[in-house]
Amino acid sequence: MSSVKQRREAISIAGLALHLGLSEGTISRALNNYPDIAEKTRKRVRDAADKLGYQPSSTARRLARGIVETVGFVLPSRRDHFSDPFLSEILDGLAAELARSGWDLLLAAVPDGQDEVEVMDRLVRSGKIGAFAVTRVKRSDPRVDYLRTTSVPFVVHGRTREHEDYSWLDVDNEKAFVDAVNFLIGLGHKNIALLGGDLNMNFAWQRREGFLKAMKAAGLKTPANYIADNIGDGVGALAAMATMLALPERPTAVVCVTDAVAIGAIHAIQRAGLKAGHDVSVVGYDGLPMGEATEPPLTTMSQASYEAGREVARMLLGAVGRKDSKSPDNQIPQILWEAKLTLRASANPPVSNPANKSHREETKK
C-alpha cells in the first residue's frame, strides 16, 4: 500500500481540525462553502485538505445534509457544442472546481424534439440535480425564466437583459468592444468593420453596442455594409469578410465577435491575396489558446474562460451553502469582470496605401 493512500485514509475532519487548530464544525462548514465562514479561512482549510489528501465521504455527507451534490449543465441545442472551444474552457474550469469540493458535473444533451427547458425540468423532477449552471444566454432566456420558478440554486455565466434577481458572472462586453475600437483608432484606423454575432444572444448585442458607441464617440461613420450580424463561426466569417473585401472602399480593420469568427476573417483575407495584420487588421474576442497558433497570431480581447468556470462553481457552492444554512443574507452575488487586450501580430497601423481599392484591383498587380 502506498504512503499516499495510507495518508489519505488517515486524514479526517478531526485530523484537519487538529492540524489547523480549528474546531471540527468550522472545518466542515469551510469545506462545504458555508457563507458564515470567512473566505480566508475557507481557502486555508481547502488548501490544507488538498495538501494532506483529505477525501470526504460523499455518501455520508449527502445523507447528513440532504443535498444532491451534482450541478446540472444542459448543453445548448446545437450540434457543434463539442467543438466550441469557449464552452470547453468554461466546462473544464467548472468541473475542476466542483471536484475540489466532491461535487459532480452532469452534462445533459437536448434530444431531438425537446428544448433545454424540458431537459432542465426533467432533471429537477428526477431529483438528480442540486444546482444548475447556465451559459450562452439570450437577451430573454427561457432557461433563466424557468429556473426563477424553481427552488434550485443556479448561477448564470453571462446576463439576460433583465438580470437583477439572480446570481451571475459576466464580462463587460460593451466596454471590451469600446476598448477594441479605441485601440484600432489609436493605431490610425478609421474604416473599421464589425463581424457580429446572433443578436438574440446578449453578449453579441452588448459587443455590437460597444462597437457603435466607440465609433460614434470618435466621430467615425459606420456604413451599413461594414456590419455583418449573425456570424456564428469561421465559415460564416469567410463569406461575410469576402463581401467586405470586395467593397469599393474596403475596411482597414475588423473587430470580430469571437476568436473563431476572427480566424475565419483571417482566412478570408488570405484567400483574397491580402495579408492580415498588414492590409486588414483583425481583433477577436475570447483569448482562446488557438489564437496564438494562427498566422499571424491573433490580437484579441481576452476573457479568462477557465477561471470563469471555476468562479461560477464557487458561486454555486456558496448559493447551496446559503440555502442549506437558512442564511438571512439576501445578497445575490453578481460579478462583472473586464476583458483585457492581448496584443499580437494581427493588428497594426494601416498601410499607407489607401483602402479605396477592392481586393480584385489589388490582386491584379
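Colleague: At what angle do helix α11 and helix α12 pack?

Modeller: This is a predicted model, in which local features need pLDDT of at least 70, side-chain atom pairs count only at pLDDT 80 or more, and totals for chains, interfaces and linings use all residues. Residues are numbered from 1 along each chain as its sequence is written, and side-chain values use heavy atoms, without hydrogens and water. The axes of α11 (residues 234–245) and α12 (residues 259–271) are 7 Å apart. The two helices pack at an angle of about 45 degrees.

Colleague: How are α11 and α12 oriented to each other?

Modeller: Angles under 35 degrees count as roughly parallel, over 145 as roughly antiparallel, 65 to 115 as roughly perpendicular and the rest as oblique. The crossing of α11 and α12 is right-handed. The helices pack at about 45 degrees, and are therefore oblique.

Colleague: What is the strand order of the open sheet?

Modeller: The sheet has six strands with parallel pairing, where a pair needs at least two bridges in DSSP. Its edge strands, each pairing on one side only, are β2 (104–108) and β11 (334–337). The order is β2-β1-β3-β4-β5-β11.

Colleague: Which residue of β5 is the bridge partner of V155?

Modeller: Strands β4 (residues 154–157) and β5 (residues 167–171) run parallel and are joined by three bridges. In β5, the partner of V155 is S167.

Notes: Helix = DSSP H or I, 4+ residues; strand = E, 2+ residues; numbered from the N terminus. Axes fitted to C-alpha atoms, helices over the stretch in contact; angles between N-to-C directions. Left-handed = near helix turned anticlockwise from the far one by under 90°.
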